[in-house]
Amino acid sequence: MFDLRYHVTSLAAVFIALLIGILVGVALASHGLGNSERKSLEDDVRRAQNRADSLQATVASLQEASHSDSTFVDSTYNALMTDRLKGKRVAVLYVGSADHALASDISATIKDAGGRAALRSYALQVPIDAAAIDKRLSSRPALADLAGSDQLRRLGRRLGREFVTGNETPLWNALHTLIVQEATPRFGASQRPADAVVVVRTADPQTGDTAPFVKGLYEGIADAGVPAAGVAETNSDFSARPVFQQAQLSTVDDLDLDAGKLALAIVLSQPASRADYGVAGNDLLPPVTPVLTPSG
């Protein structure tokens, strides 16, 4: 489990090694160099070798630190996950089709942390049919103020908040046949408010009318006052991360690993605050706080 610092340092070491090879090759091929030129070239090789040695030492240190992180997670996973999401209602939103591998990772996270099945899981149809949405909203007097292409971001925000708060969801009720391609359980069967939200973007980055709509959706979820995180697996380029960050959603980029599941469970169990965790995040894990259980 290596972070971005390891990969960058490794690449730097490789480039330095290539530079040394080039300098040595030049030295061997340049029999006609004078003493001052040869001495300068030897100094360049020596400095490059010292830099390469330093970078290799850094790589070794990062490898050792990464191994320690992995060992810590592996040895403490069950203890740290126990009851962390007990009693929490977690909702899941896919922008695009549901991803079965990620769905399995999310379910495992909730289960391992003592939670039940996801409260509700919606997969949104993108790109949206803005004209059909506009027509539907215009026909509903209570929702007509959200019609029009200039209202799409505001519409997304309202839908994001409704997704979290549940109960009365007039916008989802009006638009679900246009924007929801899959719902588990069936749409409308679970209207309780969510305590936490997981967001997954499986579709390509959106343009046109869909872009402000999706941006508003993320913002509405982030503004709803519950912990929320955008997630991905380690083999993903996670191109959605900057968009999630701009919307003030936390991110976890290694959900297929135990460390990612633990990071997500911690994020979802604590008061809402934005941060990035995982292989390419600022930290592998959030600060680990104990799970308080009632005594007696």
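Helix α3 (residues 100–112) has 13 residues and spans 18 Å from its first C-alpha to its last, close to the 18 Å expected at 1.5 Å a residue. The expected span is 1.5 Å times one less than the number of residues in the helix. Helices (H or I, at least four residues) and strands (E, at least two) are DSSP runs, numbered from the N terminus.

The model is predicted: local features need pLDDT of at least 70, side-chain atom pairs count only at pLDDT 80 or more, and totals for chains, interfaces and linings use all residues. Residues are numbered from 1 along each chain as its sequence is written, and side-chain values use heavy atoms, with hydrogens and water left out.

### Surroundings of α3

The buried residues of α3 are Leu-102, Asp-105, Ile-106, Thr-109 and Ile-110. Seen down the axis of α3, the buried residues fall within an arc of 130 degrees, so they line one face of the helix. The arc is taken from the directions that lead from the helix axis to the C-beta atoms. His-100 and Lys-111, on the other side of α3, are exposed. Here buried means under 20% relative accessible area, exposed over 50%, and partly exposed in between (1.4 Å probe, protein chains only).

At the N-terminal end, α3 is capped by Asp-99, with a side-chain oxygen 3.0 Å from the backbone nitrogen of Ala-101. After the helix comes Gly-114, which has a positive phi near 85 degrees.

### The sheet

An open sheet is formed by seven strands in the order β3-β2-β1-β4-β5-β6-β7, with mixed pairing. Strands β3 and β7 (276–277) stand at the edges with a single partner strand each, so one side of each is left without a neighbour in the sheet. Two strands are said to pair if DSSP finds at least two bridges between them. The table sets out four of these pairings.

| Strand pair | Sense | Bridges |
|---|---|---|
| β1 (residues 90–95) and β4 | parallel | six bridges |
| β1 and β2 | parallel | five bridges |
| β2 and β3 (residues 180–184) | antiparallel | four bridges |
| β4 and β5 (residues 228–231) | parallel | three bridges |

The chain passes from β4 through helix α7 (residues 210–222) to β5 in a right-handed β-α-β crossover. A crossover is right-handed if, with the strands pointing away from the viewer, the path from the first strand over the helix to the second runs clockwise. Further along, Val-199 has Gly-230 in β5 as its bridge partner.

Helix α3 belongs to another such unit: β1, α3 and β2 form a right-handed β-α-β unit. Within β2, Leu-124 stands opposite Val-95, and Leu-124 also stands opposite Val-180 in β3.

Why is strand β4 (residues 196–201) largely enclosed by the rest of the structure? Six of the six residues of β4 are buried, so the strand is largely enclosed. Both of its faces are covered, with Ala-196, Val-198 and Val-200 buried on one side and Val-197, Val-199 and Arg-201 buried on the other.

Strand β2 (residues 120–124) is likewise mostly covered, five of its five residues being buried. Its buried residues are Arg-120, Tyr-122 and Leu-124 on one side, and Ser-121 and Ala-123 on the other.

### The nonpolar core

The largest nonpolar core has 43 residues, of which Leu-137, Leu-155, Leu-159, Trp-172, Val-197 and Ile-221 touch the most other members. Two or more residues of this core come from each of β1, β2, α4 (130–138), α5 (152–165), α6 (170–179), β4 and α7. The most is given by α7, with six residues. Such a core is a set of buried Ala, Val, Leu, Ile, Met, Phe, Trp, Tyr and Cys residues joined through side-chain atoms within 4.5 Å.

### Two further residues

Arg-241 lies in helix α8 (residues 241–246) and, at 11% relative accessibility, counts as buried. Its side chain makes a polar contact with the side chain of Thr-251 at 2.8 Å. A polar contact is a pair of N or O atoms within 3.5 Å; within protein, one must be able to donate a hydrogen and the other to accept it, and residues adjacent in sequence count only if both atoms are side-chain atoms.

Ala-131 is located in helix α4 and counts as exposed at 57% relative accessibility. The C-alpha atoms of Ala-131 and Ser-149 are separated by 8.7 Å, the two residues being 18 residues apart along the chain.
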